[in-house]
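Have a look at the model first.

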Amino acid sequence: MYTKLALLFWIVVLALFALCGRIAYLNVKKGNDYSIQVLAQQSFTSSTIPYKRGDIKDRNGNVLATSVMVYDLIIDSKIIMSKEDYLEPTTNALAEYFELNKKDLKTTIKEKKNNSYWVVLKNLEYAQIEDFQAYLNGEFAKTDDEIKAVENTKGVWFEKKYKRMYPYNNLACSVLGFTNGDGSATVGIESSYGDYLRGTNGREYGYMGADNNMEVVVKDAENGDTVVSSLDMNLQRIVQKAIKKYMKKYSPKMIAVVLADPNTGEILAMADNTTFNLNKPYDLSDYYSESQVEKMSQKKQSEVLNKVWNNYCITDSFEPGSTAKPFTVAAALEEGKIKPSDTFFCDGYQQVDVFKIKCHAYDKGGHGTLDIKGAIAESCNDYLMHIGSKLGKKDFVKYQSIFGFGTKTGIDLPGETRGLVYGEDMGMSTLATNSFGQNFTVNMIQMVSGFSSLINGGYYYEPRVVKQIVKPNGEVVKNYSKTLVKQTVTRDTSNYIKQCLRAVVTDGTGSTAAIDGYTVGGKTGTAEKVDTSGKGKGRLANQYILSFLGCVPCENPQIVCYTVMDTPKENPQATAFNTDLWTYIMKQVLPYMGIEKSASLEKKAIKHNLETEFYSDGIIEGDDGSLILKEEEE
């Protein structure tokens, strides 16, 4: 038995010697080859290299939205706990440079001892990490103890990422929109141009080379494109400050304003009174107390936030009121159903079927005899019902479509409403009320786009809030020049409508919109609000949407301004409150844009005993048909 055991022992020993010899042989002869094969199957992936989301700029190059590099502080508790010497110096340094509680930090690191990825602080700016980076590089270490402390500070690193920033907080908030933490967006330009603004993340990875050294490969991130908007930052500021001022002055339920170039369709400014901080879009402190927010359910908070983020100018519809009257007149002129010289006697109402539909001059016995220009200037419902009847249901519906009512304009923003219009099966009473802007709904962009075609010679341009897409290297990807969609009316009709709009300001309901030195043209509107709650209340008592849709200069419009005010507190029907807002804005806008005054033309026309009517081709025409060119010497 002892002999057999000894033999077995020596056999095992010899086998082990043989195995060790074989391992030594393989290590000497083919060790590198096998190491390369093994390591070649192993790879590592570092943190993703984030892309920079493209900027959004205004038409003059001012940055309205950008992305800045920020850093997340990451702790690898597993490394820190791998050696007793690491915990104390690491927590000392973190507590000193980031004002973290050392005791709590130690406790958490121990609790997370098997965790290699722990995000301690988010969105740190470089200035906040600069001193700690210098500390890790040994720049502050002088003594041996300080050097040793730096060497034993382990398991701390920074992960780079980009944070979206809006330099002007609430400026153009509902137009720009904002991004969520994952880079997604559902509001504004950030949403509609997200495919251009987004880039592609890069990646850094390594592999073992033929020489048995680890080689690093970096695939750079591709940054997003820059979006150049049609907005003018200064015009947007003027509009938003004016809205804030007049919300306090008249305490209406709502104010909204749009500024546009009628010759291109570009939106220069757009805002309503509901603003929010783009850098803190979920903050409701401007509208609710902290306790009120805490009491809200998640669903209620979501509803409130969506209302705050809403862009009234495109997502809400309302009855346009008398601002729709120039469209009815233009349609009838185009169809040859009326002539500029036609007159009508307004007795204050029209009997349509079983309905007695009143003009606002009903209590005064009506407006008396008016021509078409006078009907627009005095905003006569009676005459417009007469014109609507002559136009007929079929043509009225046709021209509503031509002017873009009931369909989306195609503006490059999400959430546009179509509004509600009737078809040819409408009743005669509906036709009558539609003719002066009641019983159908529009949004503000529809009105601005259609109105622009009425005053620019008949050309309907697609409204836009973006001009260009530009790559990071400056190459233009897309250039959104003005897009002509259709011609709504002839130039002759357009010229006559401008005369009517001018008369509104010189002789009619829009006199408070006059601005010294400028030829203002436009149309006032007062529409009784309709209950949209579904409770069947019909018209809301003593609640009105007041509006003014105007242009300057009337002879050759360069800008359109549309202001809407919902039910001022003191006097819900006071159109003058809204035109007061309009003139306050335009008195700042016109000098800023360098639009010349037309006072000299007015004086020239008066000198020649001509009516002060202007045409886009630079001709002034009097009642007798005589013409005078702008360039003519006095």
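Q: How far apart are N and O where the side chains of Lys52 and Asp55 meet in a salt bridge?
A: A salt bridge here is a side-chain nitrogen of Lys or Arg within 4 Å of a carboxyl oxygen of Asp or Glu. This is a predicted model, where local features need pLDDT of at least 70 and side-chain atom pairs count only at pLDDT 80 or more, while totals for chains, interfaces and linings use all residues. Residues are numbered from 1 along each chain as its sequence is written, and side-chain values use heavy atoms, with hydrogens and water left out. Lys52 and Asp55 pair up with an N to O distance of 3.2 Å.

Q: Is Asp55 buried or exposed?
A: Buried means under 20% relative accessible area, exposed over 50%, and partly exposed in between (1.4 Å probe, protein chains only). Asp55 comes in at 14%, which means Asp55 is buried.

Q: How many salt bridges does the structure hold?
A: The Lys52 and Asp55 pair is one of them. Glu319 with Arg539 is another salt bridge. The count for the structure is 18.

Q: How many residues apart in sequence are the parts that Glu319 and Arg539 tie together?
A: The closest N and O atoms of Glu319 and Arg539 are 2.7 Å apart, which makes a salt bridge. Glu319 lies in the loop between helix H13 (312–315) and helix H14 (325–334), whereas Arg539 is in strand S20 (residues 539–552). Helices (H or I, at least four residues) and strands (E, at least two) are DSSP runs, numbered from the N terminus. So this pair ties together parts separated in sequence by 220 residues.

Q: Which residues are linked with Asp395 and Lys398 in a network of salt bridges?
A: Asp395 and Lys398 themselves meet at 3.8 Å, N to O. They are three residues apart in helix H17 (residues 393–402), so about one helical turn separates them. Asp395 is buried at 14%, and Lys398 is partly exposed at 37%. The network also takes in Glu335 and Lys337.

Q: How far apart in space are Gly374 and Ala503?
A: Gly374 has its place in helix H15 (residues 372–378), and is buried at 15% relative accessible area. Ala503 is 129 residues from Gly374 in sequence. In space, C-alpha to C-alpha, the two are separated by 7.5 Å.
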